[in-house]
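Thanks for making time, everyone.

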Amino acid sequence: MSKSIQPIPPGHENLIPHLVCNPCTAAIEFYKKAFGAEEVHRIPAPDGRRIMHAAIRIGNSFVFLVDDFPEYCGGKSQSPTALKGTPVTIHHYVENCDAAIKRAQDAGPPS
């Protein structure tokens, strides 16, 4: 018997931000330290240096991340550095705002 395919995986019912990072590994580590993110999975690129896809969970929410791949975007970088910023803001409600800000500050900027 074959399993029925679910069009929406459990836990993925809501909007999921998908961030282009450079480097993605540093962003994942920052989100772990700053927000207690759990790394769900990562798929390395064929070059072995970059990440084609990664997923983290912060609370009950997923965030997808990827390294910059200009070769798939007409040769143009899509990272926040290349774009000179990003219009994306991620909101996260917490019980203790001061403690959350301190944790993020202590994590330092992504390298």
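This is a predicted model: local features need pLDDT of at least 70, side-chain atom pairs count only at pLDDT 80 or more; totals for chains, interfaces and linings use all residues.

Helices (H or I, at least four residues) and strands (E, at least two) are DSSP runs, numbered from the N terminus. Axes are lines fitted to C-alpha atoms, for helices over the stretch in contact, and angles run from 0 to 180 degrees between N-to-C directions.

Residues are numbered from 1 along each chain as its sequence is written, and side-chain values use heavy atoms, with hydrogens and water left out.

Okay, the sheet. What order do the four strands take in the open sheet? Reading across, we get E1-E4-E3-E2, and the pairing is mixed. Two strands pair if DSSP finds at least two bridges between them. At the edges sit E1 (18-21) and E2 (38-44), each pairing on one side only. From one strand to the next, the twist averages 20°.

Let's zoom in on E1. Four bridges join E1 to E4 (residues 61-67), and these two run parallel. Within that pair, His18 stands opposite Phe64 in E4, and Val20 stands opposite Val66 in E4.

In the loop between E1 and H1 you'll find Pro23. A cis peptide bond joins Asn22 and Pro23, with omega about 0°.

On to the helix pair. As a reminder, two packed helices are described by the angle between their axes and the distance between the axes. Here, the axes of H1 (residues 24-35) and H2 (residues 97-107) come within 7 Å and cross at roughly 145°. On the H1 side, Phe30, Lys32, Lys33, Ala34 and Phe35 take part, meeting Ala100, Arg103, Ala104 and Ala107 in H2. By class, that contact has six nonpolar, no polar and three charged residues. For the classes, Ala, Val, Leu, Ile, Met, Phe, Trp, Tyr, Cys and Pro count as nonpolar, Asp, Glu, Lys and Arg as charged, and the others, Gly among them, as polar.

Leaving aside neighbours within four places in sequence, Phe30 is in contact with Phe35, Ala104, Ala107, Gly108, Pro109 and Pro110. The C-alpha atoms of Phe30 and Gln105 are 10 Å apart, though 75 residues separate them along the chain.

Lys84, in the loop between E4 and H2, has a positive phi of about 60° although it is not a glycine. Lys84 is exposed, at 78% relative accessible area.

Finally, cysteines. Taking a disulfide as a pair of cysteine sulfur atoms within 2.5 Å, the count comes to zero. For Cys73, the nearest cysteine sulfur is that of Cys21, 14 Å away. Cys73 is partly exposed at 34%, and Cys97 is partly exposed too, at 47%.

Conventions. Contact means heavy atoms within 4.5 Å. Buried means under 20% relative accessible area, exposed over 50%, partly exposed in between (1.4 Å probe, protein chains only).
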